[in-house]
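Here is a short report for a first look at this structure. Read it alongside the view below.

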Amino acid sequence: MAESVTITDNRTGVAIESPIVNGGVDASAWRKLLGNTWFYDPGFMQTAATSSAITELDGEAGILRYRGYPIEQLAEHSTYLEVAYLLIYGDLPDDQQYEHWVHDITYHTFIHENVRKRFMEGFHYDAHPMGMLVSAVAALSTFYLEAKNIDDEEIRNKQIVRLIAKMPTLAACAHRFSVGQPFVYPDNSVSFCANFLQMMWKVAEPRFEADPKLERALDVLFILHADHEQNCGTTAMRVAGSAHSDPYSSTAAAAAALYGPRHGGANEAVIKMLREIGSVENVPDYVKAVKSGQGGRLQGFGHRVYKNYDPRATIIKKAAYDVFDVTGKNPLLDIALKLEEVALADDYFISRKLYPNVDFYSGLIYQAMGFPQDMFTVLFAIPRTAGWLAHWKELLEQDQKIARPRQLYVGSPVRDYVEMKDR
Ligand code: SDX
């Protein structure tokens, strides 16, 4: 059996055979055959928009690997900063590379005072932190004008360090503004996660001592959220990056996509759903309403790629118990466990291969750690910045064409302008 596909244009009888390479068929073969006839694929359900060496998913088997390393091993042995280096530069760093990388990130955590005083504090008192983050990331493009020189590798690498380093600072700044507390400057003497927790929670004490179990749990959550191949946000990064927008503007586009409740906003939607269900006893009726189409969707369930348990959800579920050892069990956990039990035994979900995804349990941990609900998607954006930048760097190295899909026009045929008096 040939590893190829043949397509015949029945209008001309001409057939073209095209080899299947790396799991795909190159569309350039069809261009010659089909001319101005397009494959119609809204949502890219059957389209590979690029080739990539960064992350591998196997949706049926529930496999996730970063540069070939299984996510389970990275979650157990690695750190978010080491994983960020791996995603962006392709290999695990040696000790000198890691030390240099961590030093660079640590000493770029500060943000320009104008970003904080004039920009972030200019928002309305009840601005959503994710809206603030998206805007602030775009604003950084006006502070680092050199970033437009995307062809200069040294300049590219400097913006990569700045973005990874400043995301926690911007995130914490948005939170502190939201709750009316003073901004906490970064502390270069502690780890990436301990620094973020300190910028979030420090009040009057000279130094906020992060609980090591919570610091580690956050690091694991950041590892799990760092990349996920061509998801919606990463596609936005690649589309904006393909226009040669600077990395700050491209990252803002990616974060804007992540903000959507179908994507990174789901972890916040899960908590709202669990609160709406209210008790374990209400779960069966809630599931019935979802199945009837009256109750919306189960937030934190289903995935475009995973038609099995999201491997990240498995790891997060375990991490939740480590966190609850410190914080006490999240009362919504029992409702979540019951919802999972009922859904996974129900043919409606089984037949549609709907399983808990990364967002189903992450919100329970964030809530138990004290993060406000409107910070959950911000917590997703912090680590996903590493993945976005890895894809941005890869697309530039691939010298990809600007993203410009075609369409099927189904609008009005040509017609003449009608004066207002004649309408
Ligand atoms: C993330 O892409 C990524 O990798 C994303 C992500 C990442 O790391 O970047 O993994 C992060 O975004 C995780 C997903 C978070 N979103 C949610 O949890 C929101 C709830 N889930 C869905 O809305 C939905 O499952 C999507 C958006 C995640 C996937 O949608 P698809 O692939 O377009 O699936 P679909 O809408 O075509 O659904 C197929 C069927 C439909 O039923 P029928 O029309 O065939 O009868 O499954 C049903 C849907 O109605 N369905 C659900 C459901 N999700 C799909 N029914 C109930 N509850 C759900 N959650």
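## Around the ligand

Ala, Val, Leu, Ile, Met, Phe, Trp, Tyr, Cys and Pro count as nonpolar, Asp, Glu, Lys and Arg as charged, and the others, Gly among them, as polar. By that scheme, the shell around the ligand holds 7 nonpolar, 8 polar and 7 charged residues. This is a predicted model: local features need pLDDT of at least 70, side-chain atom pairs count only at pLDDT 80 or more, and totals for chains, interfaces and linings use all residues. Residues are numbered from 1 along each chain as its sequence is written, and side-chain values use heavy atoms, leaving out hydrogens and water.

Of the 22 residues around the ligand, H228, L298, H303, R312 and R384 come nearest. A polar side-chain atom of H303 is 2.6 Å from a ligand oxygen. An N or O atom in the side chain of H263 lies 2.9 Å from an oxygen atom of the ligand.

## Between two domains

Domain bounds come from an automatic or database domain assignment. It gives domain 1 (4–58), domain 2 (72–242 + 374–382) and domain 3 (266–368). Domain 2 and domain 3 both give residues to the ligand shell, so the ligand lies between them.

## The domain interface

Across the interface of domain 2 and domain 3 there is 1 salt bridge (a side-chain nitrogen of Lys or Arg within 4 Å of a carboxyl oxygen of Asp or Glu). The side chains of K213 and D325 meet in a salt bridge, at 3.7 Å from N to O.

Definitions and conventions
A residue is near a molecule or strand if one of its heavy atoms lies within 4 Å of it. A polar contact is a pair of N or O atoms within 3.5 Å; within protein, one must be able to donate a hydrogen and the other to accept it, and residues adjacent in sequence count only if both atoms are side-chain atoms.
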